[in-house]
Amino acid sequence: MTAVVVGCTPSEGDDQKVITIFGEQGGQIDLNTNSFTLLLEDKFDVDIDFQTTGYDSGAATEARQISLAGGELPEAYMLVPWASQFTQAELQRYGDQGVILPLNELIEEHAPNIQDALAAEQGFETLATAPDGTIWGLPQWNDCYHCSYPYKFWINTVWLENLGLEMPTTPDEFFDVMTAFKTEDPNGNGVADEIPITGSAQWSIVPYIMNAFIANSFNTGAGAASQPISLGLEGDSVQMQTMQDGWREGLKFLNRLWAAGLIDPAAFSQGGDTMQATGNSAEGVIVGGFTAIHPWIGVSIGQEDARDTQYDPLPPLEGAEGPITTYQLPSVPGATFVITKAADEVEQQVIMEMMDYIFTPEGHLLGEMGEENIGWRAPEEGEIALDPELEPCFVDLPLDEENEADYNGNWGPMAQVFDTVEWRNCQVQPLDIYTEEGAERRLFQATELYEGKESDANFPYWNLWVPAEEASELATLTTNIESNVATATAEFVTGVRDPNNDGDWNGYLEGLQGLGVDRYLEIWQAAYDAS
């Protein structure tokens, strides 16, 4: 290892360096025998010993915390965003404690490709850099186009055609279409079994509809407990969108939909599997529409009766501010990659050089997709990229779950360290968007209906760092306030509280005051002003 790093001749007594990395793996992947791991071990003359956990967020976070608190730290952590990546507050805390190391000098001295990436994508550099200029860890930069507009409404266009209806463009037209879905037997089975609108605890029906009344990032799912998704901007002032008159008007409309029986009674409580089971009902197609990042959340892809092809994106409804949609940065604040104090200088250098290799075109492709002609192949003449304006760069090959070279040939999402929009959109995709192979193009085209319709009120919380000394207080405020908003919203929609009643509305506002909403706004206003 020393010979590779500093150019010396190894003595016969030199041992191969062992570097321990805490990583996350899913399915059949075994990071210790993985083809890409073996490639790195050979390329950098190192033995990588992975401590592993799965992708389940709760279990992965617990395993990471145990690893940090244990007697022997790994030399590095390489995580995936949705499992257990480090938060900004954790980066500052562990950095101040000396548990993790600043990466600035290591990047400058040993990682030219990471330097180029930070310079090329200002958003990536902003996510990675603490207010004092320290880079404690690297987040994944995942410029997922369709993920940037997560709350699309997927409407059953076969039902529209069966009833001779046009795509609705306003809330009132939306109400009329959903009423027709309920009362006019669009599935043609002679039974009043239609559910015009369904949803789940993870995929709320609220954001798409509410945007016609006030710009919002609201979601009742897991994000409600960890991100300030009730916030918005009025000019440069941070405010609670969920305390404004426009929010109340949106609740009135949602309550009207509920009272008319147009919303699935389970929409606020059921899990995603139950929601999809409704879409897959053996009785036939019974769902008129739902909000989700992609249609296969509401109905499984590739069904024999092709019901999954019936759902098309409904553009944002015209409302008080025009057609507005929710934008969220698809990259997550914090870090998936850190180096700990357990790494000596040689190990720090090699770890950084390995990570830098994953930022090269070759390392990126092999790390994320696997070996050529197994996980991917080169484009052929005449094939078209997802974005037709880009030169095609690769074809993603179907996974053979019986072949270890397929399922254990890459690091998958752990190597998704720098997915630019060009990288994601240069992949070859079939032109038929209703095939399983053309799914990504279907999402690309759907997103074009939403792009550019985000509001100036959008609050870019992902770009803001809160001082470490306020992190614990803010975490408590976020959990209490966002959970209260989620609960109250469901109660207003379902009639437990009446959005038309001043007493109920004022009681809701007073409850948020009691939970410290003024302090919540104060902390985020200071962070916004500092940015």
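Residues are numbered from 1 along each chain as its sequence is written, and side-chain values use heavy atoms, without hydrogens and water. Because the model is predicted, local features need pLDDT of at least 70 and side-chain atom pairs count only at pLDDT 80 or more, whereas totals for chains, interfaces and linings use all residues.

Buried denotes under 20% relative accessible area, exposed over 50%, and partly exposed the range in between, with a 1.4 Å probe and protein chains only. Leaving aside residues up to four places away in sequence, F174 touches F153, P168, I197, I209, F253, L257, L314 and L317, a contact being heavy atoms within 4.5 Å.

In helix α7 (residues 112-120), the buried residues are I114, A117 and L118. Viewed down the axis of α7, they fall within an arc of 95° and so line one face of the helix; the arc is taken from the directions between the helix axis and the C-beta atoms. D116, A119 and A120 are exposed on the other side of α7. The cover over its buried residues includes α6 (104-110), α8 (122-128), α14 (345-358) and β15 (418-419).

The structure holds 4 cavities of 30 Å³ or more. A cavity is a set of points, on a 1 Å grid over the protein atoms alone, where a 1.4 Å probe fits but cannot get out; lining residues have an atom within 4 Å of a point. Grid points are joined across faces, edges and corners, and the volume is the space filled by probe spheres set on them. The largest cavity has a volume of about 60 Å³ and is lined by 14 residues, with A215, N216, S217, A457 and N458 nearest its centre. This lining comprises 5 nonpolar, 9 polar and no charged residues, where Ala, Val, Leu, Ile, Met, Phe, Trp, Tyr, Cys and Pro count as nonpolar, Asp, Glu, Lys and Arg as charged, and the others, Gly among them, as polar. The second largest cavity contains about 50 Å³ of space. Helix α18 (439-448) gives the most to its lining, with 3 residues.

How values were computed: On a 1 Å grid over the protein atoms alone, a cavity is a set of points where a 1.4 Å probe fits but cannot get out, and a pocket is an open set with protein on both sides within 12 Å along at least five of seven lines; lining residues have an atom within 4 Å of a point. Helices (H or I, at least four residues) and strands (E, at least two) are DSSP runs, numbered from the N terminus.
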